[in-house]
Amino acid sequence: MTTQDNILLFGLGAIGSVYAFVASRAPNTRVYVCARSNLEAISTHGLNIRSKRYGDHFGHKFAAVKTPADMSIRDIKFSYVICANKAVVTTDLPVSEQIAPAVSSDSTIILIQNGVGNDAEFRTRFPGNTVLSGVTWVSANQPTPGTVDHMYDEGETLQLGVHWQDSIPREVQQSSLNHIASLLRSGGTDIEVVDPIDLWRWKKTIWNCVWSCLTALTQCNTVQYLTSSGSAEVVAKRIVQEMNLIARAKGVIIEDEYLEWVVGCERVKKGFYSSMCKNAVYSQPMEVGVIVSKPLSYAREFGIETPTLDVINALICAMDWRFRNGVKPNFAA
């Protein structure tokens, strides 16, 4: 008898919607989603996804709830609880506490988020559960609640790996990783199983620290930024260099070719705006903590000088503070 995998996805933004859709296409799965601003749209009309890879699908239905504590899912045993929410500073309960009602002793937790250090909260809260990380390279946005545009111009992939828990046999953790990788592949996406996952988390965080921050601060796309002054590329490269020093201090060795690629790759030369830039345009909270501030805390721990990152962190955190507190410039004051 085939066992059904119940999957709960927490955080139904653009990226979460793509992976909820992919997981729902896998055989013997039932996907439940936790949505907030788009809950009414998803519950009433389903998800509309316009995708260059998967085609256009309208009214794709999920079992939608507002929180993992919803009484309608209280008795469901979830094989996987996927956190695809933005890792922003919030006054809400920690995400590990929010998902706790849905986590059983057999649940595997998957973090599909930007940044480094995210896993510590979950490994501490759930020492008996396997914790996986996904580093995603997907271009998608949600122009209206419940409608997602999924671009495929640059391709997409998800590096997936384990944050190893000493309290759990490695073969148990590896088996859970292999199973979800197989499910997502059967749903149509590309999965690369990697070890250590921290290497890829740092690679993506360096990318985000450069281009999320610089496009958000300047509201230029990458080409506009790089051609704006002789200092622009210098600053971008210094961010890469300082972030790499911190990664090395943490035992993560990144190849030089990748570090050069961050500033010189074809996507950068074509010009793009980051999702953080869009957050800045609309005065929305940004993922500054796990992308900039957390790496800087490691730099302090190891005594690493990071003059460029210090400036970037001060500026981007001030913007984020203003957005989170609803503060607008008051020139009459």
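**Exercises on cavity, pocket and sheet**

The largest cavity has a volume of about 40 Å³, the space filled by probe spheres set on joined grid points. The model is predicted, so that local features need pLDDT of at least 70 and side-chain atom pairs pLDDT 80 or more, while totals for chains, interfaces and linings use all residues. Residues are numbered from 1 along each chain, and side-chain values use heavy atoms, without hydrogens and water.

**Exercise 1.** State which residues line the largest cavity, and classify them.

*Solution.* Step 1: the structure holds one cavity of 30 Å³ or more (on a 1 Å grid, points where a 1.4 Å probe fits but cannot get out; lining residues have an atom within 4 Å of a point). Step 2: its lining consists of Gln-113, Asn-114, Gly-115, Gly-134, Val-135, Thr-136, Arg-201, Lys-204 and Thr-205. Step 3: strand S8 and helix H6 are the elements that each give two or more residues to this lining. Step 4: by class, six of the lining residues are polar, two are charged and one is nonpolar (Gly counts as polar).

**Exercise 2.** Describe the second largest pocket by volume, lining and residue class.

*Solution.* Step 1: the volume of this pocket is about 210 Å³ (a pocket is an open set with protein on both sides within 12 Å along at least five of seven lines). Step 2: the residues that line the pocket are Val-116, Gly-117, Asp-119, Ala-120, Arg-123, Asp-198, Arg-201, Trp-202, Lys-250, Val-252, Lys-294 and Tyr-298. Step 3: two or more residues come from each of helix H4 (119–125), helix H6 (197–218) and helix H12 (288–302). Step 4: the lining divides into six charged, five nonpolar and one polar residue.

**Exercise 3.** Give the strand order of the eight-stranded sheet and name its edges.

*Solution.* Step 1: the order in this open sheet is S5-S2-S1-S6-S7-S8-S11-S12, with mixed pairing (at least two DSSP bridges per pair). Step 2: strand S5 (63–65) and strand S12 (191–193) are the edges, each pairing on one side only. Step 3: strand S1 (residues 5–10) pairs with strand S2 (residues 29–34) in the parallel sense over six bridges. Step 4: within this pair, Asp-5 has Thr-29 as its bridge partner.

**Exercise 4.** Is Thr-222 buried or exposed?

*Solution.* Step 1: Thr-222 belongs to helix H7 (residues 222–226) (DSSP runs of at least four residues for helices, two for strands). Step 2: Thr-222 counts as buried because its relative accessibility is 0% (buried is under 20%, with a 1.4 Å probe). Step 3: beyond its neighbours within four places in sequence, Thr-222 contacts Trp-211, Thr-215, Arg-267, Val-268, Gly-271 and Phe-272 (heavy atoms within 4.5 Å).

Terms used: Buried < 20%, exposed > 50% of the residue type's maximum accessible area, 1.4 Å probe, protein only.
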